[in-house]
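Welcome, and thanks for opening the viewer.

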Amino acid sequence: MAEQTVPATAREWHLVSRPNGWPVASDFELVEAPVRQPEPGEILVRNAYLSVDPYMRGRMNDVKSYVPPFQLGQVMDGGAVGHVVASAAEGFQVGDAVLHGLGWREYATVPAKHVVKVDEARAPLSYYLGVLGMPGLTAYAGLLEVASFKEGDAVFVSGAAGAVGSLVGQIAKLKGAKRVIGSAGSAEKVARLVADYGFDAAFNYKDGPVAEQLAAAAPEGIDVYFDNVGGDHLEAAIGALNVHGRATLCGAIAQYNETGAPAGPRNLVQAIGKRLRLQGMLVRDHADLQQQFVAEVAGWLKDGSLRYDETVRDGVENAVDAFLGLLRGDNTGKMVVRLGA
Ligand code: NDP
């Protein structure tokens, strides 16, 4: 394929101030910046979908963490998929579909060593940001490896209507869970968890104390808790976990925009008597499962046993709205931003 013409400039999002509490639109600025042609070893990608993810909220703070903070006045980054429009790297051709880490912009000049080719014949491009990408591997590894899930377990997952949570619940069912319970933040999401995703029970955490609602949904307790939320959810789960129960501490989104102390857990002492295992996870530690994960999940998608939803916002100019909407719970399934065709 011949090289495609690319514009001299394109749009990209910069972080211009650091939020204290909830981020607002004025913390970000959409900037027109030069599109740089690739140098040897690099490719130029026209992004087709950008990922917005909860961990990006942490990167807005100037603190040392497992991913470096976004720099003020600089372009932000994050997962993206798109097509190569110019290549100065061996093995990459114009037209190739790729996954890389320079999102939040229309065009990305990326070192080829940081790019992975993806197969559009196998699944739509955006799936590599979700069910076949980072959130999918998080759900798969977090449930099967970190929580040591086994057939017959009763599983509770918070953030259950989101990208990771909706997959955790379904994978648990596919692998023989006795009972799967989910929590989410609206009546509509709760209804979908049962009707569309096959959960046995679900509740809206805004309707009343999580501990009470979980006890009603899991009268025999739970064996595994997949924590996306932290706070009162984690406390309720510690209370509901059976002896030798396991919890995967994956996320704590209830805390990301809070400036005060977390709501819980205040009952950690129960972990002793019940011999609980509460284990933190980072998806990047589970690259060894990548091939097994893609093969198994792609199979479930193909035979229709796994449902995958996306909430799509159109246009690079709406990326911040998509991100803020994700933090508020506007999404069911994975929130992605689709750029012009
Ligand atoms: P989601 O698609 O689940 O989107 C975030 C969801 O969080 C929203 O839709 C919203 O749904 C829910 N939420 C927001 N505020 C609250 C709150 N105060 N209490 C309860 N729920 C809330 O995002 P992901 O699937 O991408 O991520 C899920 C979690 O997994 C996050 O905590 C994230 O940080 C973590 N994660 C961790 C990884 C790791 O390696 N450890 C990797 C990937 C993700 P609702 O309407 O239900 O409130």
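## Stop one: a pair of helices

Select helix H5 (residues 210-217) together with helix H6 (residues 231-240): they pack at an angle of about 40 degrees, and their axes are 8 Å apart. That angle makes H5 oblique to H6. Now show side chains for the residues that make the contact: Val-210, Ala-211 and Leu-214 from H5, with Asp-232, His-233, Ala-236, Ala-237 and Ala-240 from H6. Sorted by class, this contact has six nonpolar residues, one polar and one charged. Please keep in mind along the way that you are looking at a predicted model.

## Stop two: H2 and its partner H3

Next, select helix H2 (residues 134-146) and helix H3 (residues 163-174). At what angle do they pack? The angle is about 45 degrees, with the two axes 8 Å apart. H2 and H3 are therefore oblique to each other, and their crossing is right-handed. On the H2 side, colour Pro-135, Gly-136, Thr-138, Ala-139, Tyr-140, Leu-143 and Leu-144; on the H3 side, colour Ala-163, Val-164, Leu-167, Val-168, Ile-171 and Ala-172. These residues make the contact, which by class has eleven nonpolar, two polar and no charged residues.

## Stop four: around the ligand

Now centre on the ligand. How many residues are around it? There are 26, and those that come nearest are Lys-189, Tyr-205, Tyr-256, Val-283 and Asn-331.

- Val-164: a polar backbone atom is 2.8 Å from an oxygen atom of the ligand.
- Gly-185: a backbone N or O atom lies 2.8 Å from a ligand oxygen atom.
- Asn-228: a backbone N or O atom lies 2.9 Å from an oxygen atom of the ligand.

## Stop five: two backbone details

Most residues other than glycine have a negative phi, and most peptide bonds are trans. The last two selections depart from that pattern.

First, go to the loop between H2 and strand S8 (154-157) and pick Ser-148. Is its phi positive or negative? Phi of Ser-148 is positive, near 45 degrees, and this residue is not a glycine.

Then move to the loop between strand S12 (241-249) and helix H7 (270-273), where Pro-265 is found. Show the backbone from Gly-264 to Pro-265: the peptide bond there is cis, with omega near 0 degrees.

Technical notes. Residues numbered from 1 in each chain as written. Predicted model: local features only at pLDDT ≥ 70, side-chain atom pairs only at ≥ 80, totals over all residues. Heavy atoms only, no water. Axes fitted to C-alpha atoms, helices over the stretch in contact; angles between N-to-C directions. Helix = DSSP H or I, 4+ residues; strand = E, 2+ residues; numbered from the N terminus. Parallel < 35°, antiparallel > 145°, perpendicular 65-115°, else oblique. Left-handed = near helix turned anticlockwise from the far one by under 90°. Contact = heavy atoms within 4.5 Å. Nonpolar A, V, L, I, M, F, W, Y, C, P; charged D, E, K, R; others polar. Near = heavy atom within 4 Å. Polar contact = N/O pair within 3.5 Å; in protein donor to acceptor, adjacent residues only side chain to side chain.
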